[in-house]
Amino acid sequence: MTRALFIIDVQNDFTEGGALGVEGGAAVAAGVSRLLAEHADSYGYVFASRDWHDIDNDNGGHFARDAAPDYVTSWPVHCVAGTTGAEYHPALATDTVSFHIRKGQGKPAYSIFEGTTDTGETVGELLTSHGVTDVDIVGLATDHCVRASAMDALEHGQRVRVLTDLVAGVARDASEAALAELAHAGAELATSAAVTPAA
């Protein structure tokens, strides 16, 4: 069994003070860093995703430039490639990240599976080629990109565990519904206390 960790979109624009800041985002960043410091040997690979949107277009309608955002399919400008908002939150330690995944370049993208490495490798390809069977998921936001990434991981055949103390969502009700949906789809809901050293 090879377990990977998915760190979803722990970026400045998705944490407090950012363009789409989520309450508890900074705490998630610090908590993920503690998890990695204490249990680095629990994960064969660590994947970290970032929204990495274009500045010169609306990214397939993802950016609401000419009207108010609906916060469902259109959003304020956020996580523009090369800006501070797109960078990882400073409390997130990235020294153990195996694969940095960028997504949303010119188009909407919620799931980590919609992104690639700088060399064009997809997450699905990397999971298969490295024999990953189990994935723990942490990050932002529970009701959007965490949900989408976990659903895609299940579809890819992974055994998925969402660490519920290391995610934060935009809206409480939507986040609770997302976790319930994931559990129904076959994901395990646990806390980071369930993470144990690799055998």
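The protein has 4 helices and 6 strands, where helices (H or I, at least four residues) and strands (E, at least two) are DSSP runs numbered from the N terminus. The model is predicted: local features need pLDDT of at least 70, side-chain atom pairs count only at pLDDT 80 or more, and totals for chains, interfaces and linings use all residues. Residues are numbered from 1 along each chain as its sequence is written, and side-chain values use heavy atoms, with hydrogens and water left out.

**Overall form**

- Read from the N terminus, the elements follow the order β-α-β-β-α-β-α-β-α-β.
- The radius of gyration of the protein is 16 Å, which agrees with the value near 16 Å for a compact globule of 199 residues; the radius is taken over C-alpha atoms, and the globule rule is 2.2 Å times the number of residues to the power 0.38.
- The C-alpha trace spans about 55 × 35 × 30 Å along its principal axes.
- Of the 199 residues, 49% are buried, meaning under 20% relative accessible area, while exposed means over 50% and partly exposed lies in between (1.4 Å probe, protein chains only).
- The accessible surface comes to about 8,700 Å², and 51% of this belongs to carbon and sulfur atoms; such areas come from the Shrake-Rupley method with a 1.4 Å probe, and for residues only the protein chains shown count as cover.
- Among contacts (heavy atoms within 4.5 Å) between residues at least 6 apart in sequence, 75% join residues at least 24 apart.

**The sheet**

- The 6 strands of an open sheet take the order β3-β2-β1-β4-β5-β6, with parallel pairing; two strands pair if DSSP finds at least two bridges between them.
- At the edges are β3 (99-103) and β6 (188-190), each of which pairs on one side only.
- From one strand to the next, the twist averages 25 degrees.
- Strands β2 and β3 run parallel and are joined by 5 bridges; A48 has H100 in β3 as its bridge partner.
- On β3, the covered face holds F99, I101 and K103, whereas H100 and R102 form the uncovered one.
- Strands β4 (residues 134-140) and β5 (residues 159-168) also run parallel, joined by 6 bridges, and R161 in β5 is the bridge partner of D136.

**Helices against the sheet**

- Helix α1 (residues 25-39) lies across β1 (3-8), β2 (45-51), β4 and β5, at about 130 degrees to β5; axes are lines fitted to C-alpha atoms, for helices over the stretch in contact, and angles run from 0 to 180 degrees between N-to-C directions.
- Helix α3 (residues 142-155) lies across β1, β3, β4 and β5, running at about 170 degrees to β4.
- The buried residues of α3 include T142, C145, A148 and A153, and their cover includes β1, β3, β4, β5 and α4 (172-185).
- Just after α3, G157 takes a positive phi of about 95 degrees.

**Cysteines**

- The protein has 0 disulfides, a disulfide being a pair of cysteine sulfur atoms within 2.5 Å.
- The sulfur of C79 lies 8.8 Å from the closest cysteine sulfur, that of C145, which is too far for a bond.
- C79 counts as buried because its relative accessibility is 0%; C145 is likewise buried, at 6%.
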